[in-house]
Amino acid sequence: MDRTFQVDLRGVVDLLSNHLYASPRVYLRELLQNAVDALTARTGGPPPAVSVRTGAGTLSVSDNGIGLTEAQVHELLATIGRSGKRDELGFARQEFLGQFGIGLLSAFLVADEVRVVTRSAAGGPALGWVGRADGTYRVEPADRDEPGSTVTLTARHGCGQWFAPTTVTELARLYGSMLPVPVTVDGTPVTDAGPPWRDDDRPAGTRRADLVGYAQDVLGFTPFDVIELSVPAAGLTGVAYVLPFSANPAERTRHRVYLKRMLLAESVDGLLPEWAFFVRCVVDATELRPTASREALYADDALAATQEAIGAQLRGWLVRLADTDPDRLARFLAVHHLGVKALAVHDDETLRLVAQWWPMETNVGRITLAEFAARYGQVRYTQTADEFRALAAVAAAQDVPVLNGGYTYDAEIVARFGALPGGPAVRRLDPSELATRFDPLPAEVELPLQEFRRTAQRAVDELGCEVVLRSFEPATVPALYLVDRSAAHAAELQATRAQADEVWAGVLDAFVKPAHQRPQLVLNHRNDLVRRVCGLRDERLAHTATQALYGQALLLGHHPVRPADVALINRSFLGLLDAAVPPERDERA
């Protein structure tokens, strides 16, 4: 025999208060929403209005809406989870809680007893419904002359603060200030003329001033710019405020969202694409769905399409700004370049905008990517900022222009720019390329240095490095440590293999391939110190000096330092110190 589930109302209320709603304050939002629904369902009659009254530990919300018959009282107020009958009675709502009939239960978050006095506009006597948190209710005759409903709550012990007049006024204004029907609290209006982006006969200047004033009053900042939004498919209108300060891209920007002009929440996530962290939005929608708590948006196809549509409007604003006010765009990029570059990684139109307007760091000065490509015909770039700092001056001295791709998104932007139709040739700078541009020493200079080169080679043999003597600018650089990418990859694998267990070492053996060439320690014969080291007669001192130059080149180039490198740097430092400070002679000898 089939049986019917039994609902423990206290358990449901506990679920709502401890797991669904972030705060008991939502009780007033739900009561206002029910009142607005009742007004929407009634056609004709007096002008709609909602009145909130506070008393000693009590609160009442009254409307002159459609009211309820006795059948509707049982169906709508005492049934949880059934939506079909609500549709038939004309009380269907798109919001999740409205569909499942648990909105009124939020009243039990702050009250042990809820009393509803209602009279249907379709006729019939006034009725009183009294529901209690223990799951029981009763229906009885009541006094009410006009159609509509009044919901009265009596504060539960410990919840009196939620019924204080100032608190109720603040909550009513927070949730209901944009409602299309007038709402008063103890006779004081809390609704405004409507959203600041509403269509009316205000002059354009006044309209913009109202939008900016809203951001100042409600959001607490003066926006860099205001972008009006419209997504008809979602019934969405509103405004995106461009932040006047840089935002943290790791923190998703949260937005103020209204549904049918009732505030959903002040910090809704997921409304915009992840890259759009430079704006904060205030919007109203009619077709987006809330989650069960009515404090976030339900992630469905409608929200995804809305997110894409708003993203397109933000991109359009950027393009228009580039066309109409380049100076203002430059000021915007100075603050929000990270967000725009994040978009450029995925969007070709924004990529072209960034290439045209955002100056990047190069070894020939800060210039835009488009100008760099036009001037030099191709784009060489470094993958990291450390690599750029190590090679920029040397590359410039060899007439090799290089762009620093080490900043966030820059390397990806450069690579994508080269992939655009008609884009320039783009390639990452291989440090070993520079060695081919260095001047070889004349034979008459190089031959006498062969003994030194062999000594220097022995000094770094154990580190898998090859010593090369060359002459290059700038002369202030005594030595460079150059590694081609295949050699660097092979070295990383070998280092990992040495630390791995036997199983993983066997796996890594499949990936280890001999490098085409060993890393090079290029000694600059144009440097005075290097020339003096090359002229040392003391083989031991030449050995130590070479190791010191190796360590200095490694550190200045920001290369990874292995334990063997650390040991060598320490030995060379102590060796040079020992040579510089000879032991004291014993005067007694």
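**Exercise 1: salt bridges.** Count the salt bridges in the whole structure, then examine the one between Arg 256 and Glu 266.

Step 1. A search of the whole structure turns up 32 salt bridges, a salt bridge being a side-chain nitrogen of Lys or Arg within 4 Å of a carboxyl oxygen of Asp or Glu. Before going on, note that this is a predicted model, where local features need pLDDT of at least 70 and side-chain atom pairs count only at pLDDT 80 or more, while totals for chains, interfaces and linings use all residues. Residues are numbered from 1 along each chain as its sequence is written, and side-chain values use heavy atoms, with hydrogens and water left out.

Step 2. Arg 256 and Glu 266 meet through their side chains at 3.4 Å, N to O. Arg 256 sits in strand β11 (residues 255–259) and Glu 266 in strand β12 (residues 262–268), so the bridge ties together parts that are 10 residues apart in sequence. Strands here are DSSP runs (E, at least two residues) and helices likewise (H or I, at least four), numbered from the N terminus.

Step 3. Now check burial: under 20% relative accessible area is buried, over 50% exposed, and in between partly exposed (1.4 Å probe, protein chains only). Arg 256, at 7%, is buried, whereas Glu 266, at 30%, is partly exposed.

**Exercise 2: a network.** Which residues are linked with Arg 202 in a network of salt bridges?

Step 1. Start from Arg 202 and Asp 200, whose side chains form a salt bridge at 2.7 Å, N to O.

Step 2. Arg 202 is buried at 15%, and Asp 200 is partly exposed at 36%.

Step 3. The network links Arg 198, Asp 200, Arg 202 and Asp 210.

**Exercise 3: aromatic rings.** Classify the pair Trp 317 and Phe 332, and find the cluster they belong to.

Step 1. Rings of Phe, Tyr and Trp (its six-membered ring) pair if their centres lie within 6.5 Å; planes under 30 degrees apart are stacked, over 60 edge-to-face, and the rest tilted. The whole structure has 10 such pairs.

Step 2. The centres of Trp 317 and Phe 332 are 5.1 Å apart and the planes stand at 85°, so this pair is edge-to-face. Helix α8 (residues 301–324) holds Trp 317 and helix α9 (residues 326–344) holds Phe 332, so the pair ties together parts 15 residues apart in sequence.

Step 3. Trp 317 is buried at 6%, and Phe 332 is buried at 0%.
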